[in-house]
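I opened my notebook to look up a few side chains and rings.

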Amino acid sequence: MQPRLKIAGIFIPLSIVRDEEPYFYMSTLLKQETIIASPKEEFQPAYSPDGKEIAYLEDRTTLKVINLSSKKTRTIMGAEHNYSYADGDQWYQWSPDSKWFLVEFGQPEAVMSGEVGLVDAAGSGKIINLTQSGYSDGAPKWAMDGKMMIWESTREGTKSENDRIAFGDVYGMFFTQEGFDRFNLSKEELALVDEIEKKDKEDKKDDEKAEADKKDKKSKTAEKDEKKTEDLKIDWENLRDRKQKLTVNTSSIGDYVLSKDGDKLFYFTRFEGRNDLWVTDLQSKRNQIVY
């Protein structure tokens with residue numbers, strides 16, 4: 001979830017000044033650095049995963065990024081795609097490799113009709129509409145280290161008695177065909193694939209260990225320093241077809257998260273007067289209350 005605290009500018013959190021004072025509660029000197037403060041309202045900041053940049057909303061609707069080294073800013077998504085009613089009602093999320101954003105947006109002619117989009121963090125301004133459903137789609141989240149995303153949609157939902165409040169479902173979209181095919185394997189097929197992959201990993205680990213033993217400590221340290229986060233792989237062909245509904249029952253969903261392995265969906269929802277934490281086993285489709 002994005003921070004919901006209203007602020008007048010973007011600041012780096014407090015840091016300790018004196019090395020000899022290791023604890024905040026006993027520190028006599030603390031430092032806070034202002035990153036950006038302008039006549040406009042900077043709001044809802046989020047660090048990039050690589051720690052080099054901060055994304056934020058300018059005047060609540062324009063998604064921008066500031067580079068912490070150069071202090072230069074760039075626009076990622078213009079204000080014509082958003083409309084803010086209250087604090088924290090705009091949504092965006094960095095990709096694990098810090099090169100993309102998942103966003104909730106609307107077309108200029110129908111800004112209130114929510115869609116889920118993908119925007120590159122370089123600032124091209126091009127929004128790739130991932131959902132194109134015509135229904136309410138929003139709050140997209142990266143899952144499985146960027147191999148897929150999950151989001152909420154009223155695409156197959158229902159409406160309440162007053163015909164205004166829509167109930168929805170959580171969906172998943174896979175950015176690679178390999179990930180989509182794996183997700184649709186049966187329990188027996190998945191067990192076999194896991195066994196093969198485990199053996200391949202062990203063989204690869206043995207090969208790497210043998211290779212590392214041939215190198216000195218200095219070479220291994222340099223190799224470790226050069227290791228970087230891998231760029232996301234996105235198969236653009238038939239991307240929008242690689243989606244699947246994850247929830248078993250349509251409901252008034254609060255928040256949701258997918259397990260790291262992508263086998264379980266945890267979500268808050270209300271069926272009988274109160275919010276409960278539910279979990280769905282995506283392999284067996286078994287649904288139960290956790291709390």
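**Ground rules.** I am reading a predicted model, where local features need pLDDT of at least 70, side-chain atom pairs count only at pLDDT 80 or more, and totals for chains, interfaces and linings use all residues. Residues are numbered from 1 along each chain as its sequence is written, and side-chain values use heavy atoms, with hydrogens and water left out.

**Asn287.** I found Asn287 in strand 18, residues 287–289 (strands are DSSP runs of E, at least two residues, numbered from the N terminus). Which side chains make polar contacts with the side chain of Asn287? I noted Thr280 at 2.5 Å and Tyr267 at 3.3 Å (a polar contact is a pair of N or O atoms within 3.5 Å, one able to donate a hydrogen and the other to accept it; residues adjacent in sequence count only if both atoms are side-chain atoms). Leaving out residues up to four places away in sequence, Asn287 also touches residues including Val248, Asn249 and Trp278 (heavy atoms within 4.5 Å).

**Rings.** I counted 10 aromatic pairs (ring centres of Phe, Tyr or the six-membered ring of Trp within 6.5 Å; planes under 30 degrees apart are stacked, over 60 edge-to-face, the rest tilted). Phe174 and Phe180 are tilted, 5.5 Å centre to centre with 55 degrees between the planes. Phe174 also forms a tilted pair with Phe183, at 5.0 Å and 50 degrees. Is Phe183 buried or exposed? Phe183 counts as buried because its relative accessibility is 16% (buried is under 20%, exposed over 50%, partly exposed in between, with a 1.4 Å probe and protein chains only).

**Charges.** I saw Arg60 over the face of Phe43, 4.9 Å from the ring centre, and Lys141 over the face of Tyr256, at 4.6 Å (NZ of Lys or CZ of Arg within 6 Å of the ring centre and within 35 degrees of the ring normal).

Notes. Helix = DSSP H or I, 4+ residues; strand = E, 2+ residues; numbered from the N terminus.
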